[in-house]
Amino acid sequence: MAGIHQPHFTAFAGARRVAAGELSCVLRTARALLDEGGHAPVLIFDDRTGEQVDVSFRGTADDVLKRLAKNAGKERLQDDPGPAPADAPRGPGRPRLGVVAREVTLLPRHWDWLNAQPGGASAALRRLVDDARRVSAGRDRVRRAQEAAYRFMSVVAGNQAGFEEAARALFAGKQADFDASMRCWPADVRDYARQLAAAAFQGEGPPEGAP
């Protein structure tokens, strides 16, 4: 489920965009549309990831928001390993605020190299990750945009003519082909797919090996 902490979401009733903005406002608009009756099922998407928000519209809008907040709280607890036991062994040095302990599996030669680095294995791993993030920032941005657009398209436009062509163009970095493949799609679906995919066509070019 998309996290409710994200600031912007978009709701579709069928192929029509019916609301956009903060999740609470989008949910209230969606709930009102459903109360009126006669509308297509309302789907809500996270504007950052393209993920569909898993939401049950039972009860009032306040009921829906409370359930989402409760579920999000459970997910955060599952992701958080929690504090280490009081008797757990501690490594040398003072733990840095915000550091999270997770298991990492490496070969002995990797551990030998890491342990020989200034600050030890943990500091070396953090430096390596930070360096990799800087180097791959552009590629990661492109990949996230591609994945976000594809998630939305698969749900709402999977049966539209040109879907396969649009998906291939998206991952090949071919914006003109992407736009052309969607020319017969409903305007709101086409425009939102373009919005999600925008960063996929900015500056990095097609992935390696793309035709």
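Is Asp 191 buried, partly exposed or exposed, and what is its relative accessibility?

1. The model under discussion is predicted. In it, Asp 191 counts as partly exposed because its relative accessibility is 34%, a value between the 20% and 50% cut-offs. Arg 194 is likewise partly exposed, with a relative accessible area of 33%. These two residues form a salt bridge in which the closest N and O atoms are 3.8 Å apart. Both belong to helix α8 (residues 187–197), where three residues, about one turn of the helix, separate them.

2. A network of salt bridges with shared partners joins Asp 140, Arg 143, Glu 147 and Arg 151. Within this group, the closest N and O atoms of Arg 151 and Glu 147 lie 3.7 Å apart. About one helical turn separates Arg 151 from Glu 147, because they are four residues apart in helix α5. Arg 151 is partly exposed at 32% relative accessibility, and Glu 147 is partly exposed at 29%.

3. The structure holds seven salt bridges. One of them pairs Arg 31 with Asp 35, with the closest N and O atoms 2.9 Å apart. Both residues lie in helix α1 (residues 23–36), four residues apart. Arg 31 is buried, with a relative accessible area of 13%, whereas Asp 35 counts as exposed at 55% relative accessibility.

4. Arg 48, Arg 133, Arg 141 and Arg 144 form a positive surface patch. Of these, Arg 144 is located in helix α5 (residues 137–156) and counts as partly exposed, at 43% relative accessibility.

How values were computed:
Residues numbered from 1 in each chain as written. Predicted model: local features only at pLDDT ≥ 70, side-chain atom pairs only at ≥ 80, totals over all residues. Heavy atoms only, no water. Patch = residues over 30% accessible without salt bridge, like charges linked within 9 Å, V, L, I, M, F, W, Y side chains within 5 Å. Areas by Shrake-Rupley, 256 points an atom, 1.4 Å probe, with all protein chains shown as cover. Salt bridge = Lys/Arg side-chain N within 4 Å of Asp/Glu carboxyl O. Lys, Arg positive; Asp, Glu negative; His and termini not counted. Charge placed at Lys NZ, Arg CZ, Asp CG, Glu CD. Helix = DSSP H or I, 4+ residues; strand = E, 2+ residues; numbered from the N terminus. Buried < 20%, exposed > 50% of the residue type's maximum accessible area, 1.4 Å probe, protein only.
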